[in-house]
Amino acid sequence: MATIAAIIASTHHPFYLRASTATGDERPPFADEWAAKIEAFRETLTRARPDVLVMVGSDHFHQLWLDNMPQFLVGKAPFYDANYYNEEREFGLPKMKLRGDEDLSAHLLRGGIDAGFDLAFSNELRVDHSITCPIITLRPQADLPIVPVYTNIFAPPMPQPKRFVELGQAIRALVESWPSDQRVAIIGTGHLSLELGGPRQFGPHGPDPEFDRKAVAWIGSSDLDAALAEVSLDSLWQPGNATHGFMDFLLMMGVAGKNVKADYADSLDLFHTMEAYFTWYPGGAS
Amino acid sequence: MSKYLVDKFLFTIDRDPDLVERYREDPRGTVAWWEAEQANVILNCHGGERSTWLSFTDPERDALRTHDYVTLFELGAHNFLLLTLFIALFERDYAEPLAFQREFAARLGHWHLPYPDIST
């Protein structure tokens, strides 16, 4: 059976590439510290020697639209073109092309549906920065095949937070039952408190530092009881109007397992939002 | 109320570089053209298979014609679509990084939770 080489949960910040590659007067004062933290985080994946990446993210109204909106969708394609014109325009993200692993996609779809998740699928998926940001930060050579898993954290009505946890638990079990000798890293990105298109956006910190402090503690210890006791679809509007992206962290806590402490945890208080980085090694540090 | 259609307008303009420029230069003409020609296009169907019932309300049409993102927020337009498109339209007019984004926030500063419902 496949080995889970690493489980990684991270924020995704589309400005990282531009900030970390800027020079001279263009380089923001926080860029060096940010790049150093990302490079240390990247090493936690590199040392796990993955062969294939399951990538959990969320389409930002690029290919998925309100006329036909899935709650959870698994890509099953040999290739995924990546990034969109408006991401190039706003964030300077380049066009990319990632290989897919259709065998693992098929395994997640069949097993997930049989486990009670009526997963949507896509045979032609152009992925966006929720997938490419962690490729850029964690595997910039973009050389490994991926299986994209998209969640709806964007368009009400959304699934309940506990459903994200349950899907994470199912993905963990399915990867462990994949008949393969491959080493799989499961990587998911979401948000802490975040406001986009509202009065609290683009402040000196995330819109709710107290939520961020609690969330970082919940994730680092995979304290699902505490997180689910405080978080609901209604409550997530309070820390910021884009904070439902925290549910992708809940999914990754489901992958990691209840009360399993992260082997690596780091964070960075940036303008606009807090960054947070976590890695678990289910088989022990490699 | 047709929040879905407002979101569809923001979505289809934002993803097309030519339409972003057209909407910036001629918002009134672009909204009129879009409502007449594009509003009822089902995005995954060919042109002959269209919807027959979608149109803006007067306040929605007026807000789109005047680039009035405060009113669009108040009408329940999706916050992400609104921000992304309006950055594309107007960030270029501001010298300082993030100055437009901060002005956008300040102009919504009278809003406290709960914000307008974005459900469609």
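**Ground rules.** I number residues from 1 along each chain as its sequence is written, and I letter chains from A and number ligands from 1 in the order in which they are written. Since the model is predicted, I note that local features need pLDDT of at least 70, that side-chain atom pairs count only at pLDDT 80 or more, and that totals for chains, interfaces and linings use all residues.

**Entry 1, two helices of chain B.** I looked up how helix α1 (residues 3–14) of chain B meets helix α6 (residues 79–90) of chain B, and found an angle of about 40° with the axes 9 Å apart. The elements are DSSP runs numbered from the N terminus, helices being H or I with at least four residues and strands E with at least two; the axes are lines fitted to C-alpha atoms, for helices over the stretch in contact, with angles from 0 to 180 degrees between N-to-C directions. The angle makes α1(B) oblique to α6(B), given that under 35 degrees counts as roughly parallel, over 145 as roughly antiparallel, 65 to 115 as roughly perpendicular and the rest as oblique. I also noted that the crossing of α1(B) and α6(B) is left-handed, that is, the near helix is turned anticlockwise from the far one by less than a right angle.

On the α1(B) side the contact is made by B:D7, B:L10, B:F11, B:I13 and B:D14, and on the α6(B) side by B:L81, B:L82, B:T84, B:L85 and B:A88, where contact requires C-beta atoms, placed from the backbone, within 7 Å. By class these residues are seven nonpolar, one polar and two charged (Ala, Val, Leu, Ile, Met, Phe, Trp, Tyr, Cys and Pro are nonpolar, Asp, Glu, Lys and Arg charged, and the others, Gly among them, polar).

**Entry 2, chain B against chain A.** I recorded 31 residues from chain B and 24 residues from chain A in the contact. On the chain B side, α1, α6 and α7 (99–107) are the elements that give two or more residues, and α6(B) gives the most, with eight residues. The side of chain B that touches chain A has 20 nonpolar, seven polar and four charged residues.

I checked the length of helix α6 (residues 161–176) of chain A: its 16 residues should span 22 Å at 1.5 Å a residue, and the end C-alpha atoms are 23 Å apart, which agrees. The expected span is 1.5 Å times one less than the number of residues. Buried residues of α6(A) include A:F164, A:L167, A:I171 and A:R172, with buried meaning 20 or more other C-beta atoms within 10 Å, exposed 12 or fewer, and partly exposed in between, C-beta atoms being placed from the backbone.

Most residues other than glycine have a negative phi, and most peptide bonds are trans. I found a cis bond joining A:P156 and A:P157, with omega about 5°, and A:P157 is in the loop between β7 (146–151) and α6 of chain A. The bond from B:L113 to B:P114 is also cis, with omega near -5°, and B:P114 lies in the segment after α7 of chain B.

A:A142, which is not a glycine, has a positive phi of about 50°; A:A142 is in the loop between α5 (129–138) and β7 of chain A and is partly exposed, with 15 other C-beta atoms within 10 Å.
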